[in-house]
Amino acid sequence: MPAKLTAFANDVLGLLLNATAIANLVPTATGGSANLTIALHTAQPATDQTSSEISYTGYARVNTARPGGWGAPASGQSFAAANITFGAMTGGTGGTVTHFSIGTGTSNKLMYYGTVAPNIVVTSGVTPQLTTATVVSET
Amino acid sequence: MAKKTEPRIVSAAGIASASTLSGDVDLSTKIQTAMSDAVTQAIADGITDPMEHRKLITAAKEKVIAEAEAEAAAKAAEEE
């Protein structure tokens, strides 16, 4: 079984996603990335946010503010505070989005990745969007 | 003549389950699969409200954890 209590899972999520200090452990959480970057992938990313990242005209990663981009963690999980909307496809190849990732915003460093349910088929005119049911869970 | 495409938003939920410190990768994978399946099934059932998806995601996670805890408890009892 996981050897981490839910309360501490909430602390970890709060620290990483929203720059919330952890009392007596990380007393100051400021000074890090002001934004996290959200990317879309056509397969499970293997290394960093460039790995299997979708490519089409109009696509760019979307920032979530840190703090504020993710809701207050509860039950060991944190949901997106708002819809995460990517640019509409106006050209290029597109593809099927199967995964998303969250990065630090620097050097393509990947923090979390997960599946996209259901997958999004990106063709011309499509604007991919991750809803407020988008979640990061810690166990 | 090229077919005209209508602009449209296609929405989905991103589901990430991690075991940053516990190292229980199997459990995280089970949780992520259960949460993803919950959203996919909800959409197939015509439920499109993300707030409803949140409830289903949370319930799916709690169910997997409860089953894992019960399994661990049963295993411990057997070993005694």
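Trainee: B:Lys55, buried or exposed?

Mentor: Exposed, at 55% relative accessibility. The cut-off for that class is over 50%. Keep in mind that this is a predicted model.

Trainee: Which residue does B:Lys55 meet in a salt bridge?

Mentor: B:Glu52. The N to O distance is 3.2 Å.

Trainee: And how exposed is B:Glu52?

Mentor: Partly exposed, with 32% relative accessibility.

Trainee: How are B:Glu52 and B:Lys55 placed in helix H2 of chain B?

Mentor: They are 3 residues apart, so about one helical turn separates them.

Trainee: How many salt bridges are there over all chains?

Mentor: The count is 3. One of them joins the side chains of B:Glu67 and B:Lys63, at 3.0 Å from N to O. Those two also sit in helix H2 of chain B, 4 residues apart, about one turn of the helix. B:Lys63 is exposed at 52%. B:Glu67 is partly exposed at 44%.

Trainee: What about A:Glu53, which residue does it pair with?

Mentor: A:Arg61. Their closest N and O atoms are 2.9 Å apart.

Trainee: How many salt bridges run between chain B and chain A?

Mentor: The count there is 0. Polar contacts are another matter: 24 residue pairs make them between the two chains, with both residues at pLDDT 80 or more.

Trainee: Which elements of chain B touch chain A?

Mentor: S1, helix H1 (25–44) and helix H2 (50–79) of chain B each give two or more residues to that side. By class, the side has 19 nonpolar, 13 polar and 7 charged residues.

Trainee: How many residues does each chain bring to the contact?

Mentor: Chain B brings 39 and chain A brings 37.

Trainee: And what area is buried between them?

Mentor: About 3,000 Å², with 55% of it from carbon and sulfur atoms. On the chain B side, B:Ala12, B:Ala16 and B:Arg54 lose the most area to chain A. Together they give 18% of what that side buries.

Trainee: Give me one side-chain contact across the chains. Which residue does A:Thr139 touch?

Mentor: B:Ser28, through a polar contact of 2.7 Å between the side chains.

Trainee: Where is A:Thr139 in chain A?

Mentor: In the segment after strand S8 (135–138). A:Thr139 has 6% relative accessibility, so it counts as buried. Buried means under 20%.

Trainee: New topic, the cores. Which residues touch the most other members in the largest nonpolar core?

Mentor: A:Trp70, A:Phe86, A:Ile102 and A:Tyr112. That core has 29 residues. Several elements each supply at least two of its residues, including helix H1 (6–18) and strand S5 (95–103) of chain A, and strand S1 (8–18) of chain B.

Trainee: What lies apart from that core?

Mentor: Another core, of 13 residues. Among them are A:Phe79, A:Ala133, B:Ile15 and B:Ile31.

Trainee: Last one, B:Ala66. Which helix is that in?

Mentor: Helix H2 of chain B. B:Ala66 is partly exposed, at 41% relative accessibility.

Trainee: How far is B:Ala66 from B:Gln32?

Mentor: In space, 15 Å from C-alpha to C-alpha. In sequence, B:Ala66 and B:Gln32 are 34 residues apart.

How values were computed:
Residues numbered from 1 in each chain as written. Chains lettered and ligands numbered in written order. Predicted model: local features only at pLDDT ≥ 70, side-chain atom pairs only at ≥ 80, totals over all residues. Heavy atoms only, no water. Buried < 20%, exposed > 50% of the residue type's maximum accessible area, 1.4 Å probe, protein only. Polar contact = N/O pair within 3.5 Å; in protein donor to acceptor, adjacent residues only side chain to side chain. Core = buried A, V, L, I, M, F, W, Y, C linked by side-chain atoms within 4.5 Å. Contact = heavy atoms within 4.5 Å. Buried area = accessible area lost by both parts, 1.4 Å probe. Salt bridge = Lys/Arg side-chain N within 4 Å of Asp/Glu carboxyl O. Nonpolar A, V, L, I, M, F, W, Y, C, P; charged D, E, K, R; others polar.
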